[in-house]
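Biologist: Could you walk me through this structure, one feature at a time? I would like to learn how to read each kind.

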Amino acid sequence: MRDALAAKGLSEWAARFANFSGDPEGGGSLWTDPLVVALLDEVGLQVAAQGTHPQLFAVVDDVWEMSSTQAAPPTQTLIARLADAPDDHPLVARLASRIAEISSLPSVRLSERRGSRLRTRDLWPGPNELPIDRRWAFRVVSHLWPQRFMSMLDGTPAMVAHASVMACKPFDLVTLENLLGDQNAPGGAASGQPASPAVFALLAEVAPLVAELVGTSGKPAATAAIQPLLARLASRPDWPWLSRAWLQQLIWHGSDRLPCRLQEESDWPAARSLLIDALAASAPPVSAGVQEWIMEEEPLWRVDRVLAETAVLTAGGAHEDAGKLLSNGIVAQQVTQTARDQAIWTGRPEANIVGAAIANVPDPVAWFTQLWKQTYEVRERAWFSHTDSYESPADAALAWGLTGLNSVADIGVQNAYWQAISEALVERIVTDPRGDVPSDLRDIIYRAAVFVGTKLNLGGAIALDDLARIVGPLIQPTSGFLQIVGTMLVADGEGLVADLSQTAGCTAFTECLSRALAVDFGPGDQITPELMASLRALLGDLRSSG
């Protein structure tokens with residue numbers, strides 16, 4: 001090599017090889033020499049830019065891997081050089097062949113046969129996607145010729161479509177806008193699902209970008225930044241379906257299932273709320289087929305579609321329709337008991353959507369009263385059979401009802417709403433055929449009711465006797481009762497506990513508190529040492545006050 005370079009008059013290059021071959025350790029690595037690195041990068045760039053080499057991908061990868069830039073190939077330089085190239089550039093055809101080759105792999109074909117019917121979750125990329133190489137080619141083609149790139153992924157298996165999109169990272173909002181534009185939507189997509197799961201993989205890349213924008217620049221800047229993308233998406237023929245599918249996915253991420261993909265300065269909860277509000281406002285109304293769309297989903301996830309459509313209706317001012325959709329979802333058992341605590345935790349998507357919808361119906365009190373009546377038959381059957389199906393609508397109705405009460409601002413409506421929901425709560429407590437069976441959701445509902453009631457009493461919306469109505473039936477020497485008392489303390493209700501303990505129906509308060517504190521609870525009872533100390537101090541105050 002040294003002699004060949006010298007014969008060509010490249011004496012400087014010959015000297016570099018001579019130094020390396022004479023003292024490979026003392027002279028350092030040839031492949032970290034700045035001039036050699038620049039040469040290797042340039043060779044790779046020229047071969048890639050031509051796109052005609054028989055072993056294109058292998059050659060470019062090998063050359064770039066020999067340089068110290070292998071962790072970050074000069075892809076941006078290649079994009080700049082090909083900026084004016086037509087979309088029939090040889091690299092486009094070579095990448096299309098590569099995607100077809102990956103799609104025909106036995107492991108991909110076997111996976112597709114096993115999951116021939118794509119569920120909602122399968123449309124979105126997951127944590128264990130197909131690893132893919134030649135990423136530089138995916139990134140170049142997707143940035144320069146987005147329409148050609150998206151057409152390559154039409155009809156490809158979901159795992160290939162997802163991997164192909166992920167190979168194009170990192171993204172920015174402008175690139176995503178180009179890839180998701182209406183010109184890349186197939187003509188038949190207006191009837192429903194987009195032709196390729198690649199669309200969902202691209203939408204999944206929006207959330208981390210928005211979360212970073214909110215964290216670094218604030219919500220107003222992030223809101224303005226996503227408007228061009230939403231406007232571009234709104235021109236797609238499949239946007240009515242696609243917007244609701246995206247809403248459904250964001251709602252499913254209600255328990256912060258995205259932190260592993262976020263930058264340190266990102267604010268995911270605020271970004272999630274921003275995206276849900278923006279999507280709900282952007283999604284066009286549909287006149288028919290909503291119930292069919294909900295029922296097509298897996299039973300456990302139908303609630304997310306109910307919530308997505310409710311958000312759209314509320315954003316569009318159709319408040320009565322939104323209320324009807326919520327109540328029908330519970331009565332028709334589209335809403336299961338599983339994860340309904342999501343409606344109670346303030347700030348979660350379900351709590352925000354349900355609270356806004358109920359607060360805006362013409363008569364929130366009548367909404368809940370009618371809903372509770374509609375659950376009567378199921379609750380009555382459970383009482384006589386001494387069993388209670390986990391799909392009983394009663395607890396879901398109470399969870400959403402409490403969320404609605406917590407969202408109502410008018411003090412008169414708060415009082416009337418409390419009277420209605422406290423009656424339903426007492427009925428549930430005293431007639432629950434499975435009341436002796438532990439239930440996390442039921443315990444959360446009772447604690448939430450006491451918290452809301454305490455706040456309403458402190459705010460002057462309800463009297464102490466109104467709060468005592470639901471506390472009385474819950475007074476038992478159990479860990480659940482200790483948690484309820486702890487909830488009152490959290491709600492700044494320590495001052496009213498003494499008066500509450502003297503209220504009719506709560507006279508056993510102090511005695512049961514004393515007996516419960518004497519029980520040796522285990523870790524599963526969720527009674528912390530800090531709570532025990534607070535409750536013992538409270539007991540001492542109650543006894544000293546007589």
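Modeller: Gladly! Let's begin with a working term: contact means heavy atoms within 4.5 Å. Helices are DSSP runs (H or I, at least four residues; strands are E, at least two), numbered from the N terminus. This is a predicted model, where local features need pLDDT of at least 70 and side-chain atom pairs count only at pLDDT 80 or more, while totals for chains, interfaces and linings use all residues. Residues are numbered from 1 along each chain as its sequence is written, and side-chain values use heavy atoms, with hydrogens and water left out.

Biologist: Which residues of α29 and α31 meet?

Modeller: From α29 come Glu494, Val497, Ala498 and Ser501, and they meet Leu538, Asp541 and Leu542 in α31. Sorted by class, this contact of α29 with α31 has 4 nonpolar, 1 polar and 2 charged residues. Here Ala, Val, Leu, Ile, Met, Phe, Trp, Tyr, Cys and Pro count as nonpolar, Asp, Glu, Lys and Arg as charged, and the others, Gly among them, as polar.

Biologist: At what angle do α29 and α31 pack?

Modeller: Two packed helices are described by the angle between their axes and the distance between the axes. Axes are lines fitted to C-alpha atoms, for helices over the stretch in contact, and angles run from 0 to 180 degrees between N-to-C directions. Helix α29 (residues 494-501) and helix α31 (residues 529-544) pack at about 50°, and their axes are 11 Å apart. Angles under 35 degrees count as roughly parallel, over 145 as roughly antiparallel, 65 to 115 as roughly perpendicular and the rest as oblique. The pair α29 and α31 is therefore oblique.

Biologist: Is the crossing of α29 and α31 left-handed or right-handed?

Modeller: A crossing is left-handed if the near helix is turned anticlockwise from the far one by less than a right angle, and right-handed if clockwise. For α29 passing α31, the crossing is right-handed.

Biologist: How do I read α20 and α22?

Modeller: In the same terms: the axes of α20 (residues 319-331) and α22 (residues 364-374) come within 10 Å and cross at roughly 20°. That makes α20 roughly parallel to α22. The crossing is right-handed. On the α20 side, Gly323, Leu326, Ser327, Ile330 and Val331 meet Trp367, Leu371 and Gln374 of α22. This contact has 5 nonpolar, 3 polar and no charged residues.

Biologist: What about α16 and α19?

Modeller: Helix α19 (residues 302-315) packs with α16 at an angle of about 115°, with the axes 9 Å apart. Here α16 passes α19 in a right-handed crossing. Among the residues in this contact are Arg244 and Gln248 of α16, and Asp304 and Arg305 of α19. By class there are 6 nonpolar, 1 polar and 4 charged residues.
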